[in-house]
Amino acid sequence: MRETEATADARRALEVCNACRYCEGFCAVFPAMTLRREFTSGDLSYLANLCHNCRGCYYSCQYAPPHPWNINVPQVLAQVRAETYEEYAWPGPLAGLFKRNGTIVSLAMIAGIALALILTMALVDPSILYTPQQGPGAFYRVIPWWLMVTLAGGTSLFAVLALVMGFRNFWRDTGGRADELRPGRPLAVALHDILTLKNLGGGGGGCNDVDEGFSQVRRRFHHFMFYGFLLCFASTTSATFYDHFLGHEAPYPFLSLPVQLGFWGGVGMVIGTAGLIWTKIVSDPAPAARNLLGSDYALLVLLLMAAATGLLLLGLRDTGAMGVLLAVHLGVIFTLFAVIPYSKMVHGVYRSAALFRHALERRPTPPPGNKPSDRALGSAA
Amino acid sequence: MPDFSRVWDVLVIGGGNAALCAAVTARQAGCSVLLIESAPKAFRGGNSRHTRNMRTMHPEPTSVLTEAYLEDEYWDDLLRVTGGQTDEHLARMTIRLTTDALRFMEASGVRFQPSLSGTLSLSRTNAFFLGGGKALVNAYFALAERLGIDILYDTEAVDLKMDDGFVREVAITHRGFPETVRAKTVVASSGGFQADLDWLEKGWGPAARNFLIRGTPYAKGVVLRNLLDQGVASVGDPTQCHAVAIDGRAPKFDGGIATRLDCVPFSIVVNKDGERFYDEGEDVWPKRYAIWGRLVAQQPDQVGYAIIDAKSEKLFMPSVFPAIKADTVGELAVKLGLDPAKVEATVAEFNAACVPGEFNSTRLDGCRTEGLTPPKTHWARPITEAPFIGYPLRPGITFTYLGVKVDENARVRMDDGRPSANLFASGEIMAGSILGKGYLAGFGMAIGSVFGRIAGREAAKNARN
């Protein structure tokens with residue numbers, strides 16, 4: 001991780017935090033911080049990605065603006081986090097896509113939809129786009145099966161490769177070793193923290209999602225979105241299984257496994273993404289990194305579009321709108337796969353990696369007598 | 001703009017823990033309540049903003065407190081730090097009521113956490129606020145708003161107009177404009193006077209100009225002064241304040257916990273003339289940190305310099321300001337603005353006096369000097385290994401002891417011993433009744449919470465009669 005203005009700001013803020021430590025009960029960042037007296041840029045990258053942006057520390061901070069020290073941990077860690085996305089992007093020359101990321105992801109979605117419509121019209125009889133198609137293979141009459149598989153398979157395989165390389169870059173830069181990557185209790189702890197979003201619990205009782213009040217809405221909306229996404233992924237997988245091994249061609253009946261998984265997953269994603277967009281709009285802007293909101297919104301809208309077009313397609317698949325909707329839906333999905341390694345989506349990889357690193361780090365208990373001296377009576381009146 | 005022509009049941013002056021406990025309690029008893037806070041919203045909460053725990057009596061383990069901490073042990077701890085300058089009746093009552101205060105706090109939305117790292121010895125006695133005192137203040141203000149308490153920020157009480165122990169009305173400034181508030185009962189919870197340097201100067205002389213105030217700049221003692229001038233009885237030594245040695249680079253106000261510096265036991269401390277002036281290793285730091293504010297305050301220009309070497313660098317909590325480092329003692333002295341020859345001589349003399357022993361940072365290890373004045377009785381090791389490290393020290397004022405006298409119902413007493421008809425007090429403004437000297441971690445919040453609730457309850461009762 002290179003040194004920047006953001007890392008300098010983050011280092012200064014964490015040095016204040018390390019001399020205070022009142023926020024230790026909120027999340028993983030502060031216990032991880034207290035293990036260090038000095039912060040390398042790799043440490044800052046690790047801590048920035050460990051931060052879930054719950055903002056509890058901002059509202060509790062006696063040094064928050066307008067105090068002259070101007071400590072705003074969620075904001076400064078968000079800035080560093082955004083820079084780590086660039087730093088670890090693979091291949092390197094594409095790191096620039098994280099600059100003005102909101103604009104780029106939005107344009108990619110528009111281009112993806114346009115391209116899908118144009119390709120469809122170029123490759124198949126345009127009239128198919130406007131006439132109802134029903135029965136087995138209906139979708140493939142609009143977009144040929146080989147094209148779907150090539151595009152989806154190609155982009156998703158590339159996305160996985162790029163994410164793995166990003167993970168490797170992060171792991172090395174934050175002092176991780178390859179031999180630490182093995183199953184065991186730390187991995188189980190990390191998976192638990194990832195899947196429950198424990199660090200969006202504010203140490204019990206919730207986070208400052210919107211303002212000084214505590215709530216769990218961000219955590220719940222994220223769960224809707226994340227588990228909705230997983231259901232949709234399971235839907236696609238089961239459909240592939242139906243197609244290849246059972247010989248059933250899409251579309252499937254509403255009560256079939258692929259459609260049920262996709263339907264409920266889609267509903268979850270719509271609720272989750274819409275809820276997260278709403279939370280961002282109504283929340284106090286003071287602890288937010290405003291220059292990064294575009295990237296957040298762009299990805300949320302892309303995910304919302306993916307789910308909403310899928311549900312719409314399901315609802316109208318027996319009508320003449322099916323052809324256009326299918327092209328739009330697949331355009332969005334294709335864009336999603338293509339931009340995964342170059343969007344806010346990468347936070348999932350780095351945050352998971354940081355939680356794993358934290359679980360590894362917490363495991364050995366430091367030897368007694370080697371800790372900074374007790375501040376027993378040090379509390380102010 | 002609020003309607004200042006109305007009459008509130010209870011006016012609470014202040015916005016810290018004690019004021020909020022009083023306001024919430026009075027409101028829950030059915031009273032109309034106006035709370036006025038002199039600070040703007042961002043700096044609301046007085047010194048409670050900087051606190052982090054409350055010392056709490058408990059007969060058995062609770063969600064955040066381990067084992068048990070009973071009245072007699074609590075009382076003994078208090079007796080030890082105050083050297084007897086306390087009121088046993090009020091103190092024991094406060095101690096007993098902390099148990100119930102903790103329940104009230106939890107019910108009010110204050111959240112707690114296990115004790116912080118480096119404070120394990122407090123896990124049995126002190127309940128830590130999740131996120132610290134500002135989070136506590138936020139929780140109370142949120143509750144106050146939900147309950148319908150009228151809250152005015154940037155609003156300062158300037159004159160409580162008293163007739164024969166009865167507060168007729170209160171002159172205030174609201175966003176800089178003069179107004180008058182009428183209330184049946186008044187609770188003064190507006191803190192001490194530690195942020196008023198002129199007042200401190202009366203007790204300390206010109207040295208007070210060099211003091212740093214660890215907490216809020218809004219605790220100027222305006223209400224305290226106003227009440228004492230009108231014949232309210234006082235308690236506590238008017239010249240004394242709780243002072244600790246903090247990093248000399250701390251801001252004038254509001255530096256809070258992060259300016260604390262715990263390196264003294266492992267260092268030698270010299271004054272601006274490069275001379276040592278006190279036994280740095282007299283006892284463990286938690287038992288000695290409070291005397292160092294006074295010691296530094298007595299030195300020329302009210303400044304000291306702690307000097308350690310590489311061996312001791314990792315033995316204490318990091319201060320928020322970077323350590324000043326140099327390759328030689330002389331170079332370090334120059335960086336600290338001291339006479340290098342003098343500091344080198346002091347260090348050499350100290351090094352020569354160190355008796356070899358087995359160093360142990362976690363207990364009184366007996367590593368001492370011989371034939372040195374003043375001696376260093378523990379943790380004395382020759383300062384020889386580069387880098388040499390220095391920190392400036394200045395007195396940091398936490399709070400003042402002078403306050404108004406109250407009875408067990410938080411009712412203010414007049415000089416002639418009679419109770420006030422409608423004035424109550426809670427928090428720092430009356431804490432001198434119980435804590436006349438020294439300090440016990442988390443006891444300020446205990447007094448504030450307990451007396452805040454009593455004041456709120458009694459004020460409500462008074463307003464109804």
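Reader: What distance separates the centres of domain 1 of chain B and domain 2 of chain B?

Author: The model is a predicted one. Taken over C-alpha atoms, the centres of domain 1 and domain 2 of chain B lie 35 Å apart. Domain 1 of chain B comprises 7-237 + 401-464, and domain 2 comprises 243-396.

Reader: How do you know that domain 1 of chain B and domain 2 of chain B are in contact?

Author: Contact requires heavy atoms within 4.5 Å. By that criterion, 18 residues of domain 1 of chain B are in contact with 21 residues of domain 2 of chain B. The area buried between domain 1 and domain 2 of chain B is about 1700 Å², with 58% given by carbon and sulfur atoms. On the side of domain 1 of chain B, Asn210(B), Leu212(B) and Arg214(B) lose the most area to domain 2, together 45% of what that side buries.

Reader: Why is the pair Asp254(B) and Arg49(B) called a salt bridge?

Author: The rule asks for a side-chain nitrogen of Lys or Arg within 4 Å of a carboxyl oxygen of Asp or Glu. The closest N and O atoms of Asp254(B) and Arg49(B) are 3.0 Å apart, and the pair therefore qualifies as a salt bridge. Between domain 1 and domain 2 of chain B, the count is one salt bridge.

Reader: What makes Arg44(B) and Glu212(A) a salt bridge?

Author: The closest N and O atoms of Arg44(B) and Glu212(A) are 3.2 Å apart, which is within 4 Å, so the pair meets the rule. Across the interface of chain B and chain A, the rule finds two salt bridges. The contact between these chains takes 57 residues from chain B and 41 residues from chain A. Chain B and chain A bury about 4400 Å² between them, 53% of it on carbon and sulfur atoms. Over all chains, the count comes to 44 salt bridges.

Reader: Why are Asp100(B) and Arg103(B) said to be separated by about one helical turn?

Author: Asp100(B) and Arg103(B) are three residues apart in helix H3 (residues 88-107) of chain B, and therefore about one helical turn separates them. Asp100(B) also forms a salt bridge with Arg103(B), the closest N and O atoms being 3.4 Å apart.

Reader: Why is H6(A) called roughly parallel to H12(A)?

Author: Helix H6 (residues 101-123) and helix H12 (residues 293-315) of chain A pack at an angle of about 25 degrees, with their axes 6 Å apart. Angles under 35 degrees count as roughly parallel, so H6(A) is roughly parallel to H12(A). Among the residues making the contact are Val105(A), Met109(A) and Ile113(A) of H6(A) and Leu299(A), Leu302(A) and Met305(A) of H12(A). The residues of this contact of H6(A) with H12(A) divide into eight nonpolar, five polar and no charged.

Reader: What is the phi of Arg175(B)?

Author: Phi of Arg175(B) is near 50 degrees, a positive value in a residue other than glycine. Arg175(B) is in the loop between strand S8 (166-174) and strand S9 (177-188) of chain B.

Conventions
Residues numbered from 1 in each chain as written. Chains lettered and ligands numbered in written order. Predicted model: local features only at pLDDT ≥ 70, side-chain atom pairs only at ≥ 80, totals over all residues. Heavy atoms only, no water. Axes fitted to C-alpha atoms, helices over the stretch in contact; angles between N-to-C directions. Helix = DSSP H or I, 4+ residues; strand = E, 2+ residues; numbered from the N terminus. Parallel < 35°, antiparallel > 145°, perpendicular 65-115°, else oblique. Nonpolar A, V, L, I, M, F, W, Y, C, P; charged D, E, K, R; others polar. Domains from an automatic or database assignment. Buried area = accessible area lost by both parts, 1.4 Å probe.
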